[in-house]
Amino acid sequence: MILTIYNNMISYFQKFTATINKWIGKKVDYDNAFWNQCTDFARKYCSDVGRPIWNFSGSAYNWWKTGSPFNSKWKRVQRQGNNFPSAWDVVFFVPTPKNKYGHVTIANNNCTESILNIIEQNAGSGNWDWKGNNAISKRTTNYSLCAGWYTYIW
């Protein structure tokens, strides 16, 4: 049983790495609505690695609050104390004055209780030019705006 879980995690990590490398610098409009949003990349990533999440309309922060697109194989983890997401977790940011919808990203390796290494889309100016930080890109950011994440239950 433990060996099976370990092998599944190794296979998943390989899919994670291949998926991220395939999409860096590109854009994706998974639902063909509202152009290339952060939610589009989150859904495409989950689909590509074999952990699809359901369709959901509305803001990224509403995904976090309601959990609507996630099934029982996903666990909601509230940010608190010194916990932090693992690579491939779906991470949510709270709304800000400049972005009332919040933001969703994918955790990359080496997150800590103070910094997050993430992969995301439409994080720059949010003007949908899909260049620089608006394209799918890696970024390191502080932990202060993180609401929490969904992690896959093995």
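**Entry 1: strand 2 and its partners**

I began with strand 2 and strand 3 (residues 103–107), which pair in the antiparallel sense over four bridges. I count two strands as paired if DSSP finds at least two bridges between them. My helices (H or I, at least four residues) and strands (E, at least two) are DSSP runs, numbered from the N terminus. A word on the source: this is a predicted model, where local features need pLDDT of at least 70, side-chain atom pairs count only at pLDDT 80 or more, and totals for chains, interfaces and linings use all residues. Residues are numbered from 1 along each chain as its sequence is written, and side-chain values use heavy atoms, with hydrogens and water left out.

Next I looked up individual partners. F92 has V104 as its bridge partner in strand 3, and V91 stands opposite T105 in that strand. Strand 2 also pairs with strand 6 (residues 146–152), again in the antiparallel sense and over four bridges. There, F93 has C146 as its bridge partner.

**Entry 2: which way do the side chains point?**

Which residues of strand 2 (residues 90–93) point one way, and which the other? I found V90 and F92 on one side and V91 and F93 on the other, and all are buried. Buried means under 20% relative accessible area, exposed means over 50%, and partly exposed is in between (1.4 Å probe, protein chains only). In a regular strand the side chains alternate between the two faces of the sheet.

Six strands form an open sheet in the order 1-6-2-3-4-5, with antiparallel pairing. Strand 1 and strand 5 (137–142) are at the edges with a single partner strand each, so one side of each has no neighbour in the sheet. From one strand to the next, the twist averages 35°.

Helix 2 lies across strand 1, strand 2, strand 3 and strand 4, and it runs at about 35° to strand 3. For this I took contact as heavy atoms within 4.5 Å. Axes are lines fitted to C-alpha atoms, for helices over the stretch in contact, and angles run from 0 to 180 degrees between N-to-C directions.

**Entry 3: the cores**

Which residues touch the most other members of the largest nonpolar core? Of its 28 residues, they are F16, F41, Y45, F70, W74, V90 and F92. Helix 1 (2–23), helix 2 (38–48), helix 3 (60–66), strand 2, strand 3 and strand 6 each supply at least two residues of this core. Helix 2 gives the largest share, five residues. A second, separate core of 10 residues includes V77, V91, A107 and Y143. By nonpolar core I mean a set of buried Ala, Val, Leu, Ile, Met, Phe, Trp, Tyr and Cys residues joined through side-chain atoms within 4.5 Å.

**Entry 4: two positive phi values**

Most residues other than glycine have a negative phi. I noted W88, whose phi is near 80°, in the loop between strand 1 (74–78) and strand 2. W88 is buried, at 11% relative accessible area. N110 has a positive phi of about 65° and is found in the loop between strand 3 and strand 4 (115–120). At 64% relative accessibility, N110 is exposed.

**Entry 5: cysteines**

How many disulfides are in the whole structure? My search found zero, taking a disulfide as a pair of cysteine sulfur atoms within 2.5 Å. The sulfur of C111 has its closest cysteine sulfur in C146, 8.8 Å away, which is too far for a bond. C111 is buried at 6% relative accessibility, and C46 is buried at 0%.
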